[in-house]
Amino acid sequence: MSEKTILRALKGERLPVPPVWMMRQAGRYLPEYRATRAQAGDFLSLCYTPDLAAEVTLQPIRRYGFDAAILFADILLLPQALGLDLWFVTGEGPRLSTVTSAAEVAALKPTSAIHDTLSPVYETVRILARELPPQVTLIGFAGAPWTVATYMIAGRGTPDQAPAHAMKAADRAAFSALIDRITESTIDYLSAQIEAGAEVIKLFDSWAGSLKGQDFDDFALEPARRIIAALKVRHPGIPVIAFPREAGPRYAGFAHATGADCVALDNSVSAEWAAAEVQKDGCVQGNLDPRLLVTGGEKLQAEARRITRAFANGPHIFNLGHGITPEADPENVTRMLEAIRG
Ligand SMILES: Cc1c2[nH]c(c1CCC(=O)O)Cc1[nH]c(c(CCC(=O)O)c1C)Cc1[nH]c(c(CCC(=O)O)c1C)Cc1[nH]c(c(C)c1CCC(=O)O)C2
């Protein structure tokens, strides 16, 4: 069999039809996801029950024939493995116990202990590696250290990441120690996913856009560079997709500076700008506005075609600028695929 399309694009090949998958493709917009989640009882039980986590990962592959499947888990499982309490409040989002001082950073569990909590995730990866259709690429993932730290410091999602910025300003040493601890454990977490069968890794830095100037270099760029460098030594040939969301002009040069094989783009930058400034360094992924999957219609197909055309002269993986939302119409995903694949 010829090599998988996603892996070809990640090596820098331009394909006549871009391979496609969607962030949050296993999610609440799908009735079959809602049924399996109800069977699991709650979101965390779903993440930690390998048969059910594998089942929801496979659902969008069966329904739409995407070119990649992303492991079903969450970026906040790692803080839990480091010793924080984690729970999800329905309709509101995640809650965690917090880390705000040097002493609390020092009290986190050692990296060697994370596998006690995370071993069910590796089992999910092993099931998927066996069960996915041969042409589908399996993507493992983790949150990037800054984004994970914002949740650990605030104990929840925040619109402007103010608590994390405050800790960074008040005690840069303790803040840097936290980033280092997350960086080290992320390397081992991702390494274990690869050993279990993940073929590509994606690093989600959802809040990268709130880091400016030197902070962007120190806390978005440098941790990503360290993680990617360590993974490339341990697992040569495993490609990494970096998603420094809302990095704006800092998307340019990000792949070069971090060693990422692909940069994922949110929908606040234009595809035409990114084709000139980001794609010149390698593969890009993105950047359809996920709201179009709620509203649908001709606008959805026109935008999907425009993005496909804008990136047609280089390596491109079609995706959204952020996750598909619960309000999206599953039929609109079919319309999007028609526009891309013809
Ligand atoms: C910031 C972040 C989180 N988790 C993630 C990020 C980074 C990407 C992004 O910016 O969206 C990443 C993530 N979360 C989930 C996946 C699984 C794979 C996939 O994308 O299909 C992935 C890759 C499942 C999930 N993670 C979550 C759900 C919804 C939970 C449910 O079923 O009730 C899913 C499918 C919950 C979650 N998890 C998180 C939040 C803030 C929330 C609540 C908000 C929401 O409900 O969308 C943390």
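How far is an oxygen atom of the ligand from a polar backbone atom of alanine 26? The separation is 3.3 Å, a polar contact in the sense of a pair of N or O atoms within 3.5 Å. The model is a predicted one, in which local features need pLDDT of at least 70 and side-chain atom pairs count only at pLDDT 80 or more, while totals for chains, interfaces and linings use all residues. Residues are numbered from 1 along each chain as its sequence is written, and side-chain values use heavy atoms, with hydrogens and water left out.

| Residue | Protein atom | Distance to a ligand oxygen atom |
|---|---|---|
| Alanine 26 | polar backbone atom | 3.3 Å |
| Arginine 37 | N or O atom in the side chain | 2.6 Å |
| Serine 206 | polar side-chain atom | 2.5 Å |

Taken alone, the ligand exposes 870 Å², of which the protein buries 87%, with accessible areas coming from the Shrake-Rupley method and a 1.4 Å probe. There are 21 residues around the ligand, and Tyr33, Arg37, Asp74, Ser206 and His322 come nearest; a residue belongs to this group if one of its heavy atoms lies within 4 Å of the ligand. By class, this shell holds 14 nonpolar, 3 polar and 4 charged residues, where Tyr and Ala are among those counted as nonpolar, Asp, Glu, Lys and Arg are charged, and Gly is among the polar ones.

The ligand takes up the space of the largest pocket. A pocket here is an open set of points on a 1 Å grid over the protein atoms alone, with protein on both sides within 12 Å along at least five of seven lines, and its lining residues have an atom within 4 Å of a point. In an unreviewed entry, UniProt lists Arg24, Gln25, Ala26, Gly27, Arg28, Asp74, Tyr151, Ser206 and His322 under "binding site". These residues are spread over 299 residues of sequence and also in space, up to 22.7 Å between C-alpha atoms, and the lining of the largest pocket includes Arg24, Gln25, Ala26, Gly27, Arg28, Asp74, Tyr151, Ser206 and His322.

Tyrosine 151 lies in helix 8, residues 145–154, helices being DSSP runs (H or I) of at least four residues and strands (E) runs of at least two. Two backbone details remain. Glutamine 161, in the loop between helix 8 and helix 9, has a positive phi of about 55 degrees although it is not a glycine. Asparagine 287, found in strand 8, is joined to glycine 286 by a cis peptide bond with omega about -5 degrees.

Note on methods:
Polar contact = N/O pair within 3.5 Å; in protein donor to acceptor, adjacent residues only side chain to side chain. 1 Å grid on protein atoms, 1.4 Å probe; cavity = no way out; pocket = protein on both sides within 12 Å on 5 of 7 lines; lining within 4 Å. Sits in = over half its atoms within 2 Å of the grid points. UniProt positions renumbered as here; feature names shortened; annotations may be inferred.
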